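Work through the exercises below with the sequence and the 3D view open. Try each task before reading its solution.

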Amino acid sequence: MKKFILFFLVCSISFAQKKTIEQRVDSVLALMTLDEKVGQLVQYSGGWATGTETEKSNEGSDALILKGKVGSFLNVVGAEATKKMQKIAVEQSRLKIPLIFGLDVIHGFRATFPIPLAEASSWNPALVEKSARWQAIEASSAGIHWTFNPMVDIARDPRWGRIMEGSGEDPYLGSLMAVARVKGYQGNDLSANNTIAACIKHFAGYGGAEGGRDYNTVDFSERTFREVYLRPFKAAVEAGAATLMASFNEIGGVPSSANKFLLTKILRGEWKFDGFVVSDWNSIGELIPHGVAKDLKHAGELAIKAGLDMDMEANSYYNHLADLVKEGKVSPQILDESVRRVLRIKFRLGLFDDPYKYCDVEREKKSIMSKEIIQATLQSARESIVLLKNENKFLPLKKDLKKIAVVGPLANSKDNPLGGWDQQGNPKNVVTVLDGIKNKLGENTEINYEEGCTIEGNEKDGFGKAINLVKTSDIAIVVVGESRNMSGEASSRATLDLPGVQESFVEEIQKTGRPVIVILMNGRPLTITWIQQNVSAVIESWYLGIQTGNAIADVLFGDYNPSGKLPVTFPRYVGQVPIYYNHKNTGRPYDPKNHYTSYYMDLENTPLYPFGYGLSYTTFSYSDIFLSKNKIKKDESLTVSVEVKNSGTQDGTEVVQLYIRDLVGSVTRPVKELKDFTKIFLKAGESKKVEFTITPEKLKFYDINMNFVVEPGDFKVFVGTNSVDVKEALFTVVD
Ligand code: NOJ
């Protein structure tokens, strides 16, 4: 008899395994009541239900799980905590459907990596993929199934605080970074116990907020929308991203959370996305102040019909979706489709097969802050650093300096290097710049520290002590910038200057006549024109995470030759914003001999540092461009090659960048568009031939009829070390 039961069990298990995920989804769906279906589309935070209409859902989370009224939680962290809740779902609720736990793992769980904008400065997608992989290993061990990342919003306005969460201004670089992160989080097998589902956000156009003010109105043409803002999303969907998050903003009058064109026509229709879309925090509720919904019920109706599957914290689906279906306002098919999408991802994650595989306390202990992950944060931090200025080879510094002054409000900060969205990051684990320099130089150098001033305050009382210290030191390392909460969500700024009295502080330090190095720590481009003009060496470190000090010391003292390049343009002055390299030419491009051209009367058009800019301790020289053909047909490719030489005396790494310009089109085209790049290591004196292939895909754009095509005509191709210093050549595409 026993044998028979076993046989029966084995048969049914293997039958279950043979069933496709779609069949398994359907078989679960068939068992669900209306309320249970709605429950799968409800997400709450941290064990308690909150939101705009709390009265009905203000039950403890355990009760909600037991009744099958919630499908997902965010902000529940830890193998044990998630297991406790999962147990109720899969052992006590009627249908035993597992919960999915989401969290903002943006640049690390406990081991904090550099902020995403910093990592984008590495121009190294393989590095970024590895970093996401490590983040997934740590987070998955702590019960997390799903990260609300990558944030792939293109940002052309540094006033927008959330620029720090993304990969900058360029759709090509942004797409590669988006894909790298999706691959890193999701790995090759989403059902493995150390991979997590990615959520690409914020869909879409969020970075285009007017005036750079967070949550503000967005309005741009469909062409710009598709060519610039949607590109990283499309790339990430093609790479298999499991989920998306709808953005807060409207686009041309339609908020994303009620935008059928976006969530259904483009996402599901054109891109064939079959995962699910979660709202942003209460973004369904915000359809009311947006002015498209009269109440929360109406908001829910608009959202679900547009294709928004899961309600994060608005309580709209929880309170009203079942009624909307009963009243015939929302069809059962629409509801089923959303539930199907959520279940599909839960199946793909393997949660139905082993709901506890992310809840292993022993694995959690081993994975969090492992030696390997700390090493990975260091590598990532080094590659994220951008050398902005290095007059007369001022850097790297010699290690036998006798006395160093490390000054400035960020020089010994433990929490700021973590950056925004530090998740479970702990300031205790941070190596400050001061500590990093001490670690590097040991006892033989006297290293002293003075804060000098605070980040935002107006007090100059501390200047004196810092100045005196600098006067008696060989060198001054000045660490200035923004506090980490000055960028990120709801952290827009109308100015881009160093906050408080920091610039005067740098000026006073510079007046001592001692050699000065400025290290910037910030989450957005800053207008540091005075510093660029007056200080010999400037390093952009962004927020580099736990290994900040060690990475910076490696660069300062030449153990690592910097290779980072800016993923975003630095303006000279905030009035130039938005300023980005791939702008249009206009009908009146600037001509110094003609007053009636496009320029500012009180400022030059050019940026302080262009997109793609970044120095090395060595120099690279570029040969002229060689093209395999000067003429190609629309469906043909050509190769572009250059010889790059390390013309300096140190080994180094260069990011070789390729841009194109379509000279005449049925619609206007940008003056330059990044189409390819490669990162190469060259020993001092070594040369390498670098070859790029320009495929038809790289030449396509949305023509006058919104068809994505190659148009015949002349193209310029540029290759160089940044978006300005380039060699160029011409080729023609014929019909
Ligand atoms: C709001 C933010 O806009 C979004 O990026 C984040 O994922 C959610 N809150 C959840 O924390």
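The model is predicted: local features need pLDDT of at least 70, side-chain atom pairs count only at pLDDT 80 or more, and totals for chains, interfaces and linings use all residues. Residues are numbered from 1 along each chain as its sequence is written, and side-chain values use heavy atoms, with hydrogens and water left out.

**Exercise 1. The ligand site**

Task: Find how many residues surround the ligand, and which of them are the closest.

Solution. 
Step 1. Apply the cut-off: a residue is near a molecule if one of its heavy atoms lies within 4 Å of it. The shell holds 13 residues, and the closest are Asp104, Arg162, Lys201, His202 and Asp280.

Step 2. Sort the shell by residue type. There are 7 nonpolar, 1 polar and 5 charged residues. Here Ala, Val, Leu, Ile, Met, Phe, Trp, Tyr, Cys and Pro count as nonpolar, Asp, Glu, Lys and Arg as charged, and the others, Gly among them, as polar.

Step 3. Look for polar contacts, that is, pairs of N or O atoms within 3.5 Å; within protein, one atom must be able to donate a hydrogen and the other to accept it, and residues adjacent in sequence count only if both atoms are side-chain atoms. From an oxygen atom of the ligand, a polar side-chain atom of Asp104 lies 2.5 Å away. For Arg162 the distance from a polar side-chain atom to a ligand oxygen is 2.6 Å, and for Lys201 it is 2.8 Å.

Step 4. Check the cover. On its own the ligand has 300 Å² of accessible area, of which the protein covers 94%. The areas come from the Shrake-Rupley method with a 1.4 Å probe; for residues, only the protein chains shown count as cover.

**Exercise 2. Helix α8**

Solution. 
Step 1. Helices (H or I, at least four residues) and strands (E, at least two) are DSSP runs, numbered from the N terminus.

Step 2. Buried means under 20% relative accessible area, exposed over 50%, and partly exposed in between (1.4 Å probe, protein chains only).

Step 3. Inspect both ends. Asp170 caps the N-terminal end, with a side-chain oxygen 3.0 Å from the backbone nitrogen of Tyr172. Just after the helix, Gly187 has a positive phi of about 55 degrees.

**Exercise 3. Strand partners**

Task: Identify which strands pair with β27 and with β1, and in which sense.

Solution. 
Step 1. Two strands pair if DSSP finds at least two bridges between them.

Step 2. Take β27 (residues 726-734). It pairs with β19 (residues 631-633) in the parallel sense over 3 bridges, and Lys633 stands opposite Val734. With β26 (residues 713-720) the pairing is antiparallel over 8 bridges, and Val717 stands opposite Ala729. A hairpin of 5 residues joins β26 to β27.

Step 3. Take β1 (residues 42-45). Val42 and Tyr44 on one side, and Gln43 and Ser45 on the other, are all buried. A parallel pairing of 2 bridges joins β1 to β10 (residues 311-312), where Asp311 is the partner of Val42. A parallel pairing of 3 bridges joins β1 to β2 (residues 72-74), where Phe73 is the partner of Tyr44.

**Exercise 4. Loop residues**

Task: Is Asn392 buried or exposed, and is Thr432 buried or exposed?

Solution. 
Step 1. Asn392 lies in the loop between β11 and β12. At 72% relative accessibility, Asn392 is exposed. Its phi is positive, about 50 degrees, although it is not a glycine.

Step 2. Pro396 lies in the loop between β11 (386-390) and β12. The peptide bond joining Leu395 and Pro396 is cis, with omega about 0 degrees.

Step 3. Thr432 lies in the loop between β12 (403-407) and α18 (433-441). With a relative accessible area of 0%, Thr432 is buried. Its side chain makes a polar contact of 3.1 Å with that of Asn412.
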